[in-house]
Amino acid sequence: ARSVHQIQSGQVIVDLCSVAKELIENSLDAGATSIEVRFKNNGLDLVEVQDNGSGIASENYENVALKHYTSKLSTYDDLASLNTFGFRGEAISSLCALSDFHVITAQANQVPRANRLDFEQSGKLRKTQIVAGQKGTTASVEGIFKRLPVRRRELEKNIKREYGKVLNLLHAYACISTGVKFSVKNTVGKTRNVVVFSTNGNVTTRENIANVYGAKTLSALIALDLDLEYEPSTAMKRAGDGDGLNRIQVQGHISKPVFGEGRQTPDRQMFFVNTRPCGLPQIAKAFNEVYKSFNVSQSPFIFADFKMDTDAYDVNVSPDKRMILLHDAGALIESLKTSL
Ligand code: ADP
Ligand code: MG
């Protein structure tokens with residue numbers, strides 16, 4: 001019988017993208033400036049993320065994989081001002097339930113020693129072992145969904161598509177994360193560690209985009225820099241809030257319109273809210289419609305970061321945190337279309 005823990009874990013980790021997302025966000029939260037992602041057989045056998053971040057403090061070894069353990073939220077008040085990706089302490093605990101999970105971690109003062117931590121399915125620490133290692137954390141997820149056979153079979157069947165989606169997500173993290181080197185490798189069959197893409201820890205998102213998509217894509221881009229101002233819908237009006245207008249900045253890069261025949265490449269569209277990668281299908285639709293209305297057949301390259309007040313949206317609507325709810329999407333989209 002399936003345990004309650006397994007079922008709940010399956011709502012936090014829904015697919016291969018969730019695995020990569022949670023591990024990368026933990027690395028970014030730990031202050032990493034270098035992140036290597038390694039796949040075996042497109043992620044079916046292994047998804048592994050190595051970072052050079054702070055490492056896990058030894059007094060937390062017992063706790064890290066327990067449900068709702070987080071080192072990132074000390075009081076309830078913090079929730080509003082939180083600037084970390086994680087705060088619910090569900091990812092590691094869920095990965096223990098859904099895969100063979102272990103970490104190797106070292107803080108600066110422990111190097112060249114590191115600790116390998118192995119966990120029970122429940123998240124209880126099973127054993128620790130001293131190994132050689134560098135500062136930072138390597139988290140390894142082997143055989144994801146092995147205990148949820150239906151979902152495992154789905155993943156195996158769709159692995160090509162799922163792997164493609166993961167790469168797009170990794171592109172988004174790599175492009176937005178200035179000052180962080182990314183390297184992504186995949187080993188399929190007997191070929192060894194093929195580098196899929198990498199970035200150089202650049203200062204600008206433009207340079208990151210050049211690393212990921214190539215100089216040719218870069219040369220076709222123009223800066224996106226919009227200041228949107230719009231009347232919030234009545235439901236969203238807040239008392240005593242200046243002139244009552246919502247203000248949002250949109251920053252990034254879009255391709256110059258190319259008229260006539262073109263390739264359809266919607267996988268080159270990345271959206272962010274306050275630098276958090278997220279799917280914003282309504283916004284994507286708005287961009288594509290504007291390009292279409294100018295008779296541009298090619299779907300545009302879009303890298304768009306929406307800078308907005310933290311009370312203008314909610315990231316806490318789904319357990320996997322991939323959905324972002326914009327409280328005033330309609331008015332925002334109208335204003336966006338006008339500005340574009
Ligand atoms: P959350 O990110 O919401 O705190 P997680 O389950 O993702 O919850 O992680 C639990 C805890 O494990 C984190 O709060 C952090 O203390 C520790 N941790 C996980 N990954 C890393 C990492 N790569 N580097 C340092 N600490 C980590
Ligand atoms: Mg986390």
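Visitor: Hi! Which residue in β8 does Asn 186 stand opposite?
Guide: Asn 186 stands opposite Val 194 in β8. This is a predicted model, where local features need pLDDT of at least 70, side-chain atom pairs count only at pLDDT 80 or more, and totals for chains, interfaces and linings use all residues. Residues are numbered from 1 along each chain as its sequence is written, with chains lettered from A and ligands numbered from 1 in the order in which they are written.

Visitor: How many bridges join β7 to β8?
Guide: Four, and the two strands run antiparallel. Strands here are DSSP E runs of at least two residues, and helices are H or I runs of at least four, numbered from the N terminus; two strands pair if DSSP finds at least two bridges between them.

Visitor: And what about β1 and β7, parallel or antiparallel?
Guide: Parallel, with seven bridges joining them.

Visitor: Which side chains of β7 are buried?
Guide: Phe 182, Val 184 and Asn 186, which point to one face.

Visitor: Switching topic: how many of the 340 residues count as buried?
Guide: In the protein chain, 36% do.

Visitor: How many helices and strands are there?
Guide: The protein chain has 10 helices and 15 strands.

Visitor: What does its C-alpha trace span?
Guide: About 60 × 50 × 45 Å along the principal axes of the protein chain.

Note on methods. A residue is buried if 20 or more other C-beta atoms lie within 10 Å of its own, exposed if 12 or fewer, and partly exposed in between; C-beta atoms are placed from the backbone.
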